[in-house]
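Here is a short report for a reader who is new to this structure. Please keep the sequence and the 3D view at hand while reading.

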Amino acid sequence: MLRRATLLQTASFVQVPDIVTIVRQLCRFYYNLSHLRQLESLNLGMNSFLRVQNLHTLVNSCRGLRELKLAGRRDQTALTDQDAVFLFDGLQDSLASLTFDLKNLGTPTLHAILACSQLYKLHLHGAHCVCGEMLHEIAMRLPLLADFKLCGARQLTSEDFCQTFVPDASLMTQLSALDVSGCWRLDDRALRSIADCCGQHLQRLTLHNCKLVTPKAVEYCMKRCPRLQQLRLPPSTTAVTCLSQ
């Protein structure tokens with residue numbers, strides 16, 4: 001019984017004159033895939049021929065889907081907030097792991113994602129729409145979250161991180177992996193707050209393009225996070241990719 005499907009750049013390597021035939025065959029393929037009622041994991045990757053209606057068909061049928069990867073979307077998919085809300089409304093009772101590209105999407109999509117309260121892994125790319133209030137809401141509404149990636153959230157300030165990562169608030173304290181690449185306003189004070197809040201469980205931390213972070217704050221973080229195994233830093237801070245235990 002098939003429970004996991006991975007579709008990366010579907011048919012992008014096929015060189016035949018009748019591209020219309022390929023598109024039709026792939027649409028039929030997605031339709032057939034939707035009949036796998038027990039499907040639990042689906043990686044759609046960067047599918048050139050993926051259409052919104054394909055997603056609708058899949059979600060309508062695969063109500064037990066626990067893992068969905070839909071990052072690196074191309075223009076052909078053209079998801080709107082309305083499409084995304086429909087997508088996550090159909091998965092809110094089952095979805096536990098999500099990798100998703102927020103490009104050109106906004107608050108309605110984020111609210112729909114947060115309705116998936118069973119999420120323990122949330123990887124958000126192109127998170128330009130995430131503000132401080134939304135970061136705090138993520139912490140409040142996803143109590144099981146252990147693996148969190150928030151890439152490109154350029155609205156977020158250091159103060160936003162400090163207000164969310166508060167040691168005594170019992171929010172985000174169970175994180176074992178955190179990636180805030182592209183959150184360029186994050187500074188030493190924010191990193192210290194993260195270390196104080198998540199230090200007991202944090203094993204992987206990525207700070208690519210967080211250029212305000214200094215070696216002094218990194219040293220503090222390493223002391224506060226005894227389980228830290230992997231630390232990725234901006235070049236200006238001397239990257240450390242693996243910490244020996």
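## Basis and overview

This is a predicted model: local features need pLDDT of at least 70, side-chain atom pairs count only at pLDDT 80 or more, and totals for chains, interfaces and linings use all residues. Residues are numbered from 1 along each chain as its sequence is written, and side-chain values use heavy atoms, with hydrogens and water left out.

The secondary structure of the protein chain comes to eight helices and nine strands. Both are DSSP runs, numbered from the N terminus: helices are H or I with at least four residues, strands are E with at least two. The protein chain has 245 residues, and 51% of them count as buried. Buried means under 20% relative accessible area, exposed means over 50%, and partly exposed lies in between (1.4 Å probe, protein chains only). A contact means heavy atoms within 4.5 Å. Among contacts in the protein chain with a separation of 6 or more, 73% join residues 24 or more positions apart.

## Helix H7

Helix H7 spans residues 188-198 and is mostly covered, with eight of its eleven residues buried. Those are Asp 188, Ala 190, Leu 191, Ser 193, Ile 194, Ala 195, Cys 197 and Cys 198. Their cover includes helix H6 (158-164), strand S7 (177-179), strand S8 (204-206) and helix H8 (215-224).

## Two helix pairs

Two packed helices are described by the angle between their axes and the distance between the axes. Axes here are lines fitted to C-alpha atoms, for helices over the stretch in contact, and angles run from 0 to 180 degrees between N-to-C directions.

H7 and H8 pack at an angle of about 5°, with axes 9 Å apart. That makes H7 roughly parallel to H8, a term for angles under 35 degrees. From H7, Asp 188, Leu 191, Arg 192, Ala 195 and Asp 196 take part; from H8, Lys 216, Ala 217, Val 218, Tyr 220, Cys 221 and Arg 224. The residues of this contact divide into six nonpolar, no polar and five charged. Here Ala, Val, Leu, Ile, Met, Phe, Trp, Tyr, Cys and Pro count as nonpolar, Asp, Glu, Lys and Arg as charged, and the others, Gly among them, as polar.

Helix H3 (residues 81-89) and helix H4 (residues 107-114) have axes that come within 8 Å and cross at roughly 5°. H3 is therefore roughly parallel to H4. Asp 81, Ala 84, Val 85 and Phe 88 in H3 meet Pro 108, Thr 109, Ala 112 and Ile 113 in H4. This contact of H3 with H4 has six nonpolar residues, one polar and one charged.

The buried residues of H4 are Thr 109, Leu 110, Ala 112, Ile 113 and Leu 114. They pack against H3, S4, strand S5 (121-125) and helix H5 (132-141).

## The core

A nonpolar core is a set of buried Ala, Val, Leu, Ile, Met, Phe, Trp, Tyr and Cys residues joined through side-chain atoms within 4.5 Å. The largest one has 71 residues, and those with the most contacts inside it are Phe 88, Phe 100, Leu 122, Phe 148, Phe 161 and Met 172. H7 gives the largest share of this core, six residues.

Leu 124 lies in strand S5. Leu 124 and Lys 149 are 25 residues apart in sequence, yet 5.8 Å apart in space, C-alpha to C-alpha. Beyond four places in sequence, Leu 124 touches Phe 100, Leu 102, Leu 110, Ile 113, Lys 149, Leu 150 and Cys 151.

## Single residues

| Residue | Relative accessibility | Class |
|---|---|---|
| Leu 124 | 1% | buried |
| Met 172 | 7% | buried |
| Ser 181 | 11% | buried |
| Asn 104 | 70% | exposed |

Ser 181 is found in the loop between S7 and H7. Its side chain makes a polar contact (N or O atoms within 3.5 Å, one able to donate a hydrogen and the other to accept it; residues adjacent in sequence count only if both atoms are side-chain atoms) with the side chain of Asp 179, at 2.6 Å.

Met 172 lies in the loop between H6 and S7. Met 172 has a positive phi of about 65° although it is not a glycine. Asn 104 lies in the loop between strand S4 (97-101) and H4. Phi of Asn 104 is near 65°, again positive in a residue other than glycine.

How values were computed
Angles under 35 degrees count as roughly parallel, over 145 as roughly antiparallel, 65 to 115 as roughly perpendicular and the rest as oblique.
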